[in-house]
Amino acid sequence: MMEKRLGDLALEDSKTEYKGKLLHEKDPHSVRAKLILKNIIQGLERLVKRNPDRTLQAFTDGEVAAVIAHEVGHVVARHHVEFLDVLVNKPKLELEADYIGLLLMASAGYNPRIAVELRKNISLSNPGFLKEDHNYPSYEERANSLTQAHVMEQALTIYKESGRNILLT
Ligand SMILES: [Zn+2]
């Protein structure tokens, strides 16, 4: 595949460019960056699975940004450490990652309202999805939590201040 070969070439280029400056793969920063990447890929796979009629290309940049920001939110809040604790309130962690993700995407210049729309759409296209799994709040609950006035206002302020909202809507 052409893309694969281009990717390999680009990787070789960066390896030469950053020779001696790369972190060891066991370095905590490398491990953390890899965890973020793994979460992002799994998050995107789940997004496509939940919306069988749409391929990843059919999602807007803002929707993809919302999913990526949520997964980064888990890592920023160090949930991988908290997840080891059986007593931890897992639905609360999801809402927390949603909240951090909302602010992250707004700061990157993506309209935070897209995150709410995305969750509403998933909830409409998959009624009953996750209802049996008490580790996850429902998508309706997640959308409601993001539309709370103080949460959305904070995200919209960050979005406006990002100065990129003219380019990305
Ligand atoms: Zn999550």
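**Helix packing around α3 and α5**

In this predicted model, helices α3 and α5 meet through Ala-65, Ala-66, Ala-69, His-70, Val-72, Gly-73, His-74 and Val-76 on the α3 side and Ala-97, Asp-98, Ile-100, Gly-101, Leu-104 and Met-105 on the α5 side. The axes of α3 and α5 lie 7 Å apart and form an angle of about 120°. That angle makes α3 oblique to α5, and the crossing of α3 past α5 is right-handed.

The setting of this pair is a protein with eight helices and zero strands. Read from the N terminus, the order of elements is α-α-α-α-α-α-α-α. The C-alpha trace spans about 50 × 45 × 35 Å along its principal axes. Of the 169 residues, 24% count as buried. Among contacts with a sequence separation of 6 or more, 71% involve residues 24 or more positions apart.

The buried positions are Gly-62, Glu-63, Val-64, Ala-65, Ala-66, Val-67, Ile-68, Ala-69, His-70, Glu-71, Gly-73 and His-74. These buried residues pack against α2, α4, α5 and α6.

One of those partners is α2, which comprises residues 28-50. The axes of α2 and α3 come within 9 Å of each other and cross at roughly 140°. An angle counts as roughly antiparallel when it is over 145 degrees, and α2 and α3 are therefore oblique to each other. The crossing in which α2 passes α3 is right-handed. On the α2 side, the contact is formed by Arg-32, Leu-35, Ile-36, Asn-39, Ile-40, Gly-43, Leu-44 and Leu-47. On the α3 side, it is formed by Val-64, Val-67, Ile-68, His-70, Glu-71, Val-72, His-74 and Val-75.

Arg-78 is a residue other than glycine, and it is found in the loop between α3 and α4. Is Arg-78 buried or exposed? Arg-78 counts as exposed because it has 10 C-beta neighbours inside 10 Å.

Helix α5 has 18 residues and reaches 26 Å from its first C-alpha to its last, close to the 26 Å expected at 1.5 Å a residue. The buried residues of α5 are Glu-94, Ala-97, Asp-98, Tyr-99, Gly-101, Leu-102, Leu-104, Met-105 and Ala-106. They pack against α3, α4, α6, α7 and α8. After α5 comes Gly-109, with a positive phi near 100°.

In soluble globular proteins, nonpolar side chains tend to be buried together. The largest nonpolar core of this model contains 23 residues, of which Ala-65, Ala-66, Ala-69, Leu-102, Met-105, Ala-106 and Ala-115 touch the most other members. Helices α3 (61-76), α5 (90-107), α6 (113-125), α7 (139-147) and α8 (149-161) each supply at least two residues of this core. The largest share, six residues, comes from α3. Leu-102 touches Pro-112, Ala-115, Leu-146, Val-151 and Ala-155, when residues up to four places away in sequence are not counted.

A further helix pair is formed by α6 and α7. Their axes come within 8 Å and cross at roughly 160°. α6 and α7 are therefore roughly antiparallel to each other, and their crossing is left-handed. Ala-115, Val-116, Arg-119, Lys-120, Ile-122 and Ser-123 of α6 make this contact with Tyr-139, Glu-140, Arg-142, Ala-143, Leu-146 and Thr-147 of α7.

The loop between α6 and α7 contains Asp-133. Asp-133 counts as exposed because it has 11 C-beta neighbours inside 10 Å. Asp-133 and Pro-91 are 42 residues apart in sequence, and their C-alpha atoms are 9.8 Å apart in space.

How values were computed
Residues numbered from 1 in each chain as written. Predicted model: local features only at pLDDT ≥ 70, side-chain atom pairs only at ≥ 80, totals over all residues. Core = buried A, V, L, I, M, F, W, Y, C linked by C-beta atoms within 7 Å. Buried ≥ 20, exposed ≤ 12 C-beta atoms within 10 Å, placed from the backbone. Helix = DSSP H or I, 4+ residues; strand = E, 2+ residues; numbered from the N terminus. Contact = placed C-beta atoms within 7 Å. Expected span 1.5 Å × (residues − 1). Axes fitted to C-alpha atoms, helices over the stretch in contact; angles between N-to-C directions. Parallel < 35°, antiparallel > 145°, perpendicular 65-115°, else oblique. Left-handed = near helix turned anticlockwise from the far one by under 90°.
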